[in-house]
Amino acid sequence: MDDRISVTHADGDPVSRHPLEFVERKGIGHPDSLCDGVAEAVSRRLSRFYRDEFGRIHHHNTDKVHLGAGRSRPVFGGGTVVDPIYVLVGGRATTSVDGESLPIDDLATAAARDYLLETVPELDPEHVVVETRIGQTSGDLGSLFDRGEEPLANDTSIGVGHAPGTQTEQFVRTLEPRLHRELSAVGKDVKLMALRRGDRLSLTVAAAVLDSAVDNLNEYRDVLAQIESLIEQHAESTIDYPVSVTVNNADNFAEGQVYLTTTGLSAEAGDDGSVGRGNRANGLITPHRQMSLEATAGKNPLTHVGKLYNLLSLRIARRLHDELGATYSGVELLSRIGDPVAEPWAVDVVSTVDEHEAVRDAIVDEFGDLDDLRSALLDGRLPVF
């Protein structure tokens with residue numbers, strides 16, 4: 001593989017030296033993130049079913065999920081959901097084996113509902129309608145599963161990753177879980193947008209507030225103050241420069257128009273979603289970085305390089321940081337359909353590590369450990385958005 005690997009020295013992280021930096025995170029309850037989560041949950045359910053029933057994973061890609069918003073009447077003290085959220089699960093899968101039809105739609109529907117209800121405790125079963133339209137996989141792509149012992153690439157695709165990330169990126173990525181953990185009045189739909197201008201950071205937060213947790217406008221405003229205070233605390237422990245925070249900037253207190261929700265989701269009343277429109281594989285949207293447009297969630301974990309190479313590029317970059325002390329590494333992986341997944345068409349690495357042979361050794365080692373990556377995906381231990 002050595003002749004396919006290019007390693008270039010970098011003086012440091014170019015984004016950290018740029019005068020402006022934008023970093024976005026769509027929280028776990030954002031409509032686009034919900035679609036990513038459903039797509040991945042369905043893929044895991046199908047993968048486990050195939051493995052348990054037939055001893056191996058069969059071809060599938062369930063990365064086509066759409067969410068249509070419902071309708072609600074939030075009020076202080078607790079409102080109601082009037083029309084349910086609608087989720088359509090599409091994609092392709094192996095729907096029959098040896099002439100026997102498989103319960104793909106039932107499995108997909110159950111996986112989608114389980115994921116939504118477990119991820120958003122405020123959702124009741126009647127708040128969600130799930131429909132599946134998963135078609136039979138194409139013969140060409142399905143044959144890649146059956147051609148020899150080594151998995152062959154499902155696509156010609158690019159995977160991109162970097163590590164360790166700027167202070168802004170790390171601040172944004174680690175903030176959302178803390179908000180959910182420490183502030184029970186904040187719903188699962190939280191969107192973060194950070195702007196670093198020089199050595200100052202401005203953060204705009206859209207946080208759905210649960211109507212059952214606040215009895216009036218004053219209590220709602222108190223929740224916003226708690227959010228701001230927690231973010232300032234988080235900034236003190238994660239970044240070296242001052243931060244200013246704006247929470248729910250679209251609120252109009254004079255008119256009584258505030259971001260109040262019954263389920264903690266904007267999807268309950270007007271915000272739709274789709275797979276692949278949100279966070280990249282590292283959990284962020286970083287327009288100053290190279291990014292792949294591939295939707296990582298929902299693609300099969302055996303042959304689809306649109307999933308594997310994005311996650312693998314992150315693993316390589318993080319390994320270069322953890323083991324070789326890289327202060328910055330950018331990794332780009334290129335596949336070619338029909339070639340073995342473990343044999344990329346090209347690898348391009350830009351890193352602060354001077355020992356290029358050590359970088360190459362780490363890359364070869366990670367490609368040799370793809371099964372560990374796949375196991376982490378099947379077990380749900382590896383976030384993909």
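Reader: By class, what lines the second largest cavity?
Author: In this predicted model, the lining has 5 nonpolar, 3 polar and 3 charged residues.

Reader: Which residues line the second largest cavity?
Author: Among them are Asp 36, Asn 279, Arg 280, Ala 281 and Glu 294. Val 384 and Phe 385 also line that cavity.

Reader: How much space lies in there, in the second largest cavity?
Author: About 60 Å³.

Reader: And how many cavities of 30 Å³ or more does the count come to?
Author: The count is 2. The largest cavity holds about 140 Å³ of space. It is lined by 15 residues, and those closest to its centre are Val 160, Arg 280, Ala 281, Asn 282 and Met 291. Arg 280 and Ala 281 are in the lining of the second largest cavity too.

Reader: Which element gives the largest share of the lining of the largest cavity?
Author: Strand β10, with 3 residues. Both β10 (158–163) and α7 (305–324) supply at least two.

Reader: What is the class make-up of the largest cavity's lining?
Author: There are 8 polar residues, 4 nonpolar and 3 charged.

Reader: Which element gives the largest share of the pocket lining?
Author: Helix α5 does, with 4 residues. By class, the pocket lining has 7 nonpolar, 6 charged and 4 polar residues.

Reader: Staying on α5. Which salt bridge does Arg 178 form?
Author: Its side chain meets that of Glu 182, at 2.8 Å from N to O. Both residues are in α5, 4 residues apart, about one turn of the helix.

Reader: Is Arg 178 buried or exposed?
Author: Arg 178 counts as buried because its relative accessibility is 15%, under the 20% limit. Glu 182 is at 40%, so that residue counts as partly exposed.

Reader: Why do such side chains pair up?
Author: Opposite charges can pair when the charged atoms come close.

Reader: How many salt bridges in the whole structure?
Author: A search finds 26. One of them joins Arg 4 and Glu 343, at 4.0 Å from N to O. Arg 4 lies in the segment before β1 (5–9) and Glu 343 in the loop between β16 (329–334) and β17 (346–351), so this pair ties together parts 339 residues apart in sequence. Arg 4 is partly exposed at 31%, and Glu 343 is partly exposed at 34%.

Reader: What about Lys 299, which residue does it bridge to?
Author: Glu 294, with the closest N and O atoms 3.2 Å apart. Lys 299 is buried, with a relative accessible area of 4%. Asp 63, Lys 64, Glu 294 and Lys 299 are linked in a salt-bridge network.

Reader: New topic. Where is His 18 found?
Author: In the loop between α1 (14–17) and β2 (20–26). His 18 is partly exposed, at 36% relative accessibility.

Reader: Which residues is His 18 in contact with, beyond its sequence neighbours?
Author: Arg 196 and His 288, leaving aside neighbours within four places in sequence. The C-alpha atoms of His 18 and Arg 178 are 28 Å apart.

Reader: Last one. What does UniProt list for residues 210–237?
Author: An unreviewed UniProt entry lists a coiled-coil region there. In the model, that stretch is 75% helix and 4% strand, with its end C-alpha atoms 28 Å apart.

Notes: Residues are numbered from 1 along each chain as its sequence is written. This is a predicted model: local features need pLDDT of at least 70, side-chain atom pairs count only at pLDDT 80 or more; totals for chains, interfaces and linings use all residues. Side-chain values use heavy atoms; hydrogens and water are left out. Ala, Val, Leu, Ile, Met, Phe, Trp, Tyr, Cys and Pro count as nonpolar, Asp, Glu, Lys and Arg as charged, and the others, Gly among them, as polar. Buried means under 20% relative accessible area, exposed over 50%, partly exposed in between (1.4 Å probe, protein chains only). Contact means heavy atoms within 4.5 Å. UniProt positions are given in the numbering used here, feature names are shortened, and annotations may be inferred rather than shown by experiment. On a 1 Å grid over the protein atoms alone, a cavity is a set of points where a 1.4 Å probe fits but cannot get out, and a pocket is an open set with protein on both sides within 12 Å along at least five of seven lines; lining residues have an atom within 4 Å of a point. Grid points are joined across faces, edges and corners, and a volume is the space filled by probe spheres set on the points.
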